[in-house]
Amino acid sequence: MNYSDFQHLKFEPKPNGVLLITINRPEHHNAANARLHDELAEVWLTIKNDRNVRVPVITGAGRAFSVGGDLAEGITSLGKIEPAIHSGEVALQIVYNMVHLDKPIVSAINGPAAGAGLAVALTADISIISETAKLTDAHMNIGVASGDHAALLWPLYCGLPKAKLYLLTADILNGKEAERIGLVSMCKPAEEVLSTALQFADALGQKPQRALRWTKRCLNHWVRQAAPIFDLSVAYEGLNFMEPDAKEGLDAFLEKRKPHFPSTENM
């Protein structure tokens with residue numbers, strides 16, 4: 001794709017090969033509808049082929065980074081296998097395309113991040129988060145397995161005990177706690193997040209590029225060797241979307257009430 005083909009991502013070139021990418025659905029807190037979900041996978045291939053870009057920086061428009069999937073749209077595809085397979089394939093591509101891109105990626109997590117948005121925020125090589133930003137892998141609250149990225153990355157970042165704590169409970173972390181447990185690279189006051197991310201990107205843009213990219217490639221073999229875990233988690237998430245728990249979870253979320261999962265009565 002050409003940059004002009006993207007509908008929900010904005011691009012702003014900066015000096016030293018830095019490209020600022022802004023997720024741009026602020027009226028929906030940058031929730032990923034089907035089009036944006038696809039774009040969050042495709043953009044890294046476009047950047048890979050752009051010789052002018054050395055370091056992409058990604059952030060969100062408005063007050064959110066990205067609150068994840070557009071659940072109002074997603075509920076229409078519940079119980080349908082083809083949309084579930086497509087969504088799972090794109091979820092894999094988002095993470096793998098970022099991991100396989102040798103150019104370093106910086107995320108400026110300016111506000112809430114969940115779901116696919118959180119996958120992008122945390123798959124970045126350097127992640128700068130606002131002190132007031134809230135993170136959650138909320139899959140458990142809508143009745144599906146944690147499939148976007150977390151089973152792959154969180155144990156590597158913050159260890160298995162903390163990963164289990166937050167993925168099994170779907171509890172919310174603020175920026176300070178995310179930094180404390182090692183889930184992100186750095187926490188900053190809200191007004192410093194983007195400028196700090198751009199400073200890191202500018203510095204990386206002036207490093208020896210082949211050495212920089214090959215170092216990232218080597219480090220990401222830690223992630224690649226855990227790929228079967230990721231593939232399995234995405235497959236289980238897709239299967240869960242065929243079950244009654246997912247319908248109840250999505251209905252409850254949209255109706256702003258506590259879910260009553262059928263599996264808690266039947267198992």
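A: Asp102 counts as buried, its relative accessibility being 15%, where buried means under 20% relative accessible area, exposed means over 50% and partly exposed lies in between, as found with a 1.4 Å probe on protein chains only. The model is a predicted one, in which local features need pLDDT of at least 70 and side-chain atom pairs count only at pLDDT 80 or more, while totals for chains, interfaces and linings use all residues. Residues are numbered from 1 along each chain as its sequence is written, and side-chain values use heavy atoms, with hydrogens and water left out.

The partner of Asp102 is Arg217, and the two side chains meet in a salt bridge at 2.5 Å from N to O, a salt bridge being a side-chain nitrogen of Lys or Arg within 4 Å of a carboxyl oxygen of Asp or Glu. This pair links distant parts of the chain, 115 residues apart, since Arg217 belongs to helix H9 (residues 209-219) and Asp102 to the loop between helix H3 (81-100) and strand E4 (106-109); helices (H or I, at least four residues) and strands (E, at least two) are DSSP runs, numbered from the N terminus. While Asp102 is buried, Arg217 is partly exposed, with a relative accessible area of 36%.

In total, the structure holds nine salt bridges, and another of them joins Arg25 to Asp70, whose closest N and O atoms are 3.5 Å apart.

Which residues are linked in a network of salt bridges? The network is made up of Glu248, Glu255 and Arg257. Within this group, the side chains of Arg257 and Glu255 meet in a salt bridge with a distance of 2.6 Å from N to O, and Arg257 counts as partly exposed, at 33% relative accessibility.
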